[in-house]
Amino acid sequence: MPASPPAILALDFDGVLCDGMPEYFGAAWRAWRRLQPSVAPEPPNGLFDRFARVRPVVEGGWEMPLVIMALLSGASEKEILERWRPDALLGTLGRARDEIAAVLDGVRDEWIAADEADWLDHHRFYPGAIPRLRRLRGGPTRVVIVTTKEGRFARQLLMRQGLDLGVENVYGKEAARPKPVILRELSEADSAARGLWFVEDRLKTLDAVKSTSGLDDVGLFLAAWGYNTARDREAARRDGRVVLLSLERFVGDFEDWVKG
Ligand SMILES: [Mg+2]
């Protein structure tokens with residue numbers, strides 16, 4: 001991988017730029033209550049911490065209310081981390097994935113409409129991430145967000161930091177294509193072939209990119225500060241293709257990203 005700046009820097013949002021754990025839990029709890037109105041209004045003590053520890057399994061937001069369902073039903077954290085089967089929970093619940101996703105987006109929209117400042121306050125950008133994006137503005141590298149979240153939510157959070165990447169540079173859930181497919185489109189658009197780098201905090205997503213044809217030249221980085229486990233980071237360290245990236249390097253110059 002050349003150390004020169006990539007033509008395109010594709011970034012996941014949650015767990016790479018933004019830590020929204022209090023929001024994910026708040027939205028997931030509201031969604032779970034909407035799905036199961038008989039549950040108590042307030043989450044039991046300790047549920048937030050348990051939710052946060054198993055968050056690495058989540059690929060799409062629709063899974064988050066199901067994480068709550070699993071934890072409340074007595075599943076251990078180990079079980080969830082090692083054998084996460086959200087589709088089986090959908091079966092138990094008798095709901096479709098899209099229905100859960102719609103409930104989650106719905107409670108999020110209601111939360112924002114009721115108290116946008118409170119919703120924003122449940123997110124925190126990682127130290128140095130926003131200044132790093134600002135420094136890239138107007139430079140040779142195009143910054144693109146590739147997230148499983150609705151793109152409008154990611155844009156709203158960035159706008160609040162004074163960053164408007166443009167709707168064409170935010171690929172969210174509404175793009176309705178898996179991340180490897182979006183990366184392939186982006187890499188095909190890189191006519192100068194200066195390269196595409198992708199930073200993601202979920203190892204399984206990087207594995208999916210690795211096994212997608214046509215993406216052999218994409219630089220892959222696992223965000224060590226995001227939602228992954230010690231085991232994921234160890235696997236990345238041993239991986240010949242994936243670079244385990246620290247937050248300190250991420251917010252610094254590109255040449256430091258690929259230094260040994
Ligand atoms: Mg992520």
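Helix α1 spans residues 21-35, and its angle with α3 is about 75°, with the two axes 8 Å apart. Axes here are lines fitted to C-alpha atoms, for helices over the stretch in contact, and angles run from 0 to 180 degrees between N-to-C directions. Helices (H or I, at least four residues) and strands (E, at least two) are DSSP runs, numbered from the N terminus.

A quick word on what you are looking at: this is a predicted model, in which local features need pLDDT of at least 70 and side-chain atom pairs count only at pLDDT 80 or more, while totals for chains, interfaces and linings use all residues. Residues are numbered from 1 along each chain as its sequence is written.

Back to the helix pair. From α1, the residues Tyr-24, Ala-28, Trp-29, Ala-31, Trp-32 and Leu-35 meet Met-64, Pro-65, Val-67, Ile-68 and Met-69 of α3; residues are in contact if their C-beta atoms, placed from the backbone, lie within 7 Å. By class, this contact has 11 nonpolar residues, no polar ones and no charged ones. Nonpolar means Ala, Val, Leu, Ile, Met, Phe, Trp, Tyr, Cys and Pro; charged means Asp, Glu, Lys and Arg; the others, Gly among them, are polar.

Now follow α3 to another of its partners. Helix α3 (residues 64-72) packs with helix α5 (residues 86-93) at an angle of about 75°, their axes being 10 Å apart, and α3 and α5 are therefore roughly perpendicular to each other. Here α3 contributes Leu-66, Met-69 and Ala-70, while α5 brings Pro-86, Leu-89 and Leu-93. The contact of α3 with α5 consists of six nonpolar residues, with no polar and no charged ones.

While you are at α5, have a look at Leu-90, which is found in this helix. Leu-90 counts as partly exposed because it has 18 C-beta neighbours inside 10 Å; a residue is buried with 20 or more other C-beta atoms within 10 Å of its own, exposed with 12 or fewer, and partly exposed in between. Setting aside neighbours within four places in sequence, Leu-90 is in contact with Arg-95, Ala-96 and Arg-97.

Step back to see the overall division. Domain 1 takes in 8-20 + 125-257, and domain 2 takes in 21-121; these bounds come from an automatic or database domain assignment. The C-alpha centres of the two domains lie 24 Å apart.

Leu-9 stands opposite Trp-197 in β6, and its bridge partner in β4 is Val-143. Ile-8 and Ala-10 point one way from β1, Leu-9 and Leu-11 point the other way, and all are buried.

Glu-200 lies in β6 and counts as buried because it has 27 C-beta neighbours inside 10 Å. Beyond its neighbours within four places in sequence, Glu-200 is in contact with Asp-12, Val-16, Thr-205, Leu-206, Leu-222 and Ala-223. Pro-5 sits in the segment before β1 and is partly exposed, with 16 other C-beta atoms within 10 Å. Pro-5 and Pro-140 are 135 residues apart in sequence, yet their C-alpha atoms are 7.6 Å apart in space.

Technical notes: Parallel < 35°, antiparallel > 145°, perpendicular 65-115°, else oblique. Contact = placed C-beta atoms within 7 Å. Pairing = 2+ DSSP bridges.
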